[in-house]
Amino acid sequence: MTDNLLEVRDLRLDIVSGRVGHNVVDNVSFSIGRGEAYGLVGESGCGKSITALSIIGLLKKPLAVTGGELIFDGRDLRALSKRELRRLRGERIAMIFQEPMTALNPLSPVGRQIAEMFVLHKGATWKEAEKLAIEALGNVQVPAPEERVKAYPHQMSGGMRQRVMIAIALACNPDLLIADEPTTALDVTVQAEILKLVKELCAARGTSVLMISHDLGVIANMCNRVGIMYAGRLVEERPVADLFLHPAHPYTDGLLKSLPQLGSRRLEGRKRLQEIEGTVPSIANFPPGCRFQPRCHRATPVCSVEIPPPSALSHDGFVKCFNHER
Amino acid sequence: MRPRLNLLIGGVLCIVIISTALLAPLIAPTDPVLDADLMNAELPPDAQFWFGTDAQGRDVLSRILYGARISLAVGIGSQVINTLIGLALGISAGYFGGWWDDFVTGLTNLMLAIPSLIFALAIMAILGPGLASLLIALGLTNWSWTCRIARSSALSLKKQGYVQAAKTLGYGDIRIMITQILPNMIGPILVIGTLGMGDAILAEAALSYLGLGIKPPFPSWGNMLTDARELIVIAPWAAIFPGLAIFVTVLGLNLFGDGLRDWLDPHMRARQL
């Protein structure tokens, strides 16, 4: 149908343990075009990471995909066998993680860990793979790659390790890179460098990116379109610029208002930073209707009865809220 | 410096012991079986018989040199079998979990519940005495600790970020077990493996004592010890030297295993450089 690389349609994830089931992710749909960077934002536990894991088929029990479709490059990921899925991982869909400290095997030199990707997926010999690894390490701007390939992870800094992870993930030129909070564990200057690196490398190779973060700044930097998740539902999806200018969902609005802004004090005087009242409901007792409704200052009676359907917004994008125009 | 010293001393001891075992026919002063001479029985160590003689007048030194072949073969061979079985079962159980884990854990507990020597006795009784059956009997009965350690390490290692990362990068299960999990648990496995060699040498002694191991008159350190037991007051050297041989061998193997573990760990290696 379309030329989207990844289509997630009505994805539903549940915790299935014994007889009680809890819904974790409900009715999430989004798509990522070729070469596009899509951001998924939400606070901890809202289901961003498990959405990503479900795409590569690595959800662990008791979590399970209980509905919806995952279409990658025209193929239904849910229908693929374990073996086919494994071939896809690393070669066409790669992932980088939050913790560069633990994501590398402490007992093998980093070069070997990069080289293994070529051996595993491209059928290269170890000799060829080693040369390719040096090249890959150079591509992620690690200085003196010929020497660094022999280094062990503990001899490298966090930023360097994350670069190595990126080199491993991009080794086979994947079509989709899933970045699960890739910079959370790094300090701000390194964070900026890493983001720039990911952005440049992916742009150069035409790799699509699914960027998962709770940091709106990161998303603004990296992505074309953004989806905001709250309590397992996608509540708003917008092109990046629109989102920051005119947030439609009260949750998005709250998120943006809770960020301190440089220079706002001079313009608007001293003001208390606004927070979103209350806490995220636990997955065991999500409220009926809109899940944000108990914390929402725009809530009306209908909000606690019906689930708001997506309403299209001008330009592109949608919001799931009955009262987004107020 | 210390870890290197371990490796050095252990390695030298192991090399010396293994080479004496291999070269026994060349360096032994007498034949361990045929050169019995009752006129020389129970002689204390002197210039001719460095380690003295036993009740049959055989040279203790020669018997120790030949006995090293049996003891080392049994100690190393059976422990290699044990470690392979323990690793295969333990890693797969910890990694896959589920019914396979339950099964392996049950089997391990069963093995631990039956004293391994009794189990080995039963196997020996079926197979009959001899070196091959000793290897099988001791190799099949002592893997439970290795298995337990491998399982618990695999359980914690499979939660590690790099194992998760390997999965997302498309590694297969077998590849993950061999390249990601196994190397990270090699330390404790080496230690328990080399410790177990000492146990195996002693178990061989026990089985030989019961007449199921190496048949006399052929020497093994185990049956030398048991023969010497009756002479402990009259001719203590007949017991002391085989005992020392076992002690030095086990010490050498343990130091070697220890040193190897430190050397294999890049963190430790970096500290020394």
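# Close-up views of the predicted model

**K48(A) and E181(A) form a salt bridge, their closest N and O atoms lying 3.7 Å apart.** A salt bridge here is a side-chain nitrogen of Lys or Arg within 4 Å of a carboxyl oxygen of Asp or Glu. The model is a predicted one, in which local features need pLDDT of at least 70 and side-chain atom pairs count only at pLDDT 80 or more, while totals for chains, interfaces and linings use all residues. Residues are numbered from 1 along each chain as its sequence is written, chains are lettered from A and ligands numbered from 1 in the order in which they are written, and side-chain values use heavy atoms, with hydrogens and water left out.

**R225(A) and E237(A) meet in a salt bridge between two strands.** The closest N and O atoms of R225(A) and E237(A) are 2.8 Å apart. R225(A) is buried because its relative accessible area is 14%. E237(A) is likewise buried, at 9%.

**R151(B) and D101(B) form a salt bridge between helices of chain B.** The N to O distance between their side chains is 2.6 Å. R151(B) lies in helix α6 (residues 144-157) of chain B and D101(B) in helix α3 (residues 98-113) of chain B, 50 residues apart. R151(B) is partly exposed, with a relative accessibility of 23%. D101(B), by contrast, is buried, with a relative accessible area of 9%.

**Chain B meets chain A through 21 residues of chain B and 27 residues of chain A.** These residues are in contact, which means heavy atoms within 4.5 Å. The chains bury about 2000 Å² between them, 59% of it on carbon and sulfur atoms. Buried area is the accessible area (1.4 Å probe) that two parts lose on being put together, summed over both. One salt bridge is counted between chain B and chain A. E116(A) and R175(B) meet in a salt bridge with an N to O distance of 3.0 Å.

**Four strands of chain A form an open antiparallel sheet.** The order is β2-β1-β4-β5, and two strands pair if DSSP finds at least two bridges between them. Its edge strands, each pairing on one side only, are β2 (20-33) and β5 (75-76). Ten bridges join strand β1 (residues 4-17) of chain A to β2(A) in the antiparallel sense. L13(A) has V25(A) in β2(A) as its bridge partner. Helix α1 (residues 48-55) of chain A lies across β1, β2 and β4 (63-72) and runs at about 110° to β1(A). Axes are lines fitted to C-alpha atoms, for helices over the stretch in contact, and angles run from 0 to 180 degrees between N-to-C directions.

**Eight strands of chain A form an open sheet with mixed pairing.** The order is β6-β7-β8-β3-β9-β10-β12-β11, and the edge strands are β6 (93-96) and β11 (311-312). Strand β3 (residues 37-41) and strand β8 (residues 208-213) of chain A run parallel and are joined by five bridges. Y38(A) stands opposite L210(A) in β8(A). Helix α10 (residues 250-257) of chain A packs on the sheet, touching β9 and β10, and its direction makes about 100° with that of β9(A).

**The largest nonpolar core has 115 residues.** Such a core is a set of buried Ala, Val, Leu, Ile, Met, Phe, Trp, Tyr and Cys residues joined through side-chain atoms within 4.5 Å. F30(A), I178(A) and L210(A) have the most contacts inside it. Helix α6 (residues 158-170) of chain A gives the largest share of this core, eight residues. Leaving aside neighbours within four places in sequence, the contacts of I178(A) include A52(A), I55(A), M95(A) and L210(A).

Technical notes
Buried < 20%, exposed > 50% of the residue type's maximum accessible area, 1.4 Å probe, protein only.
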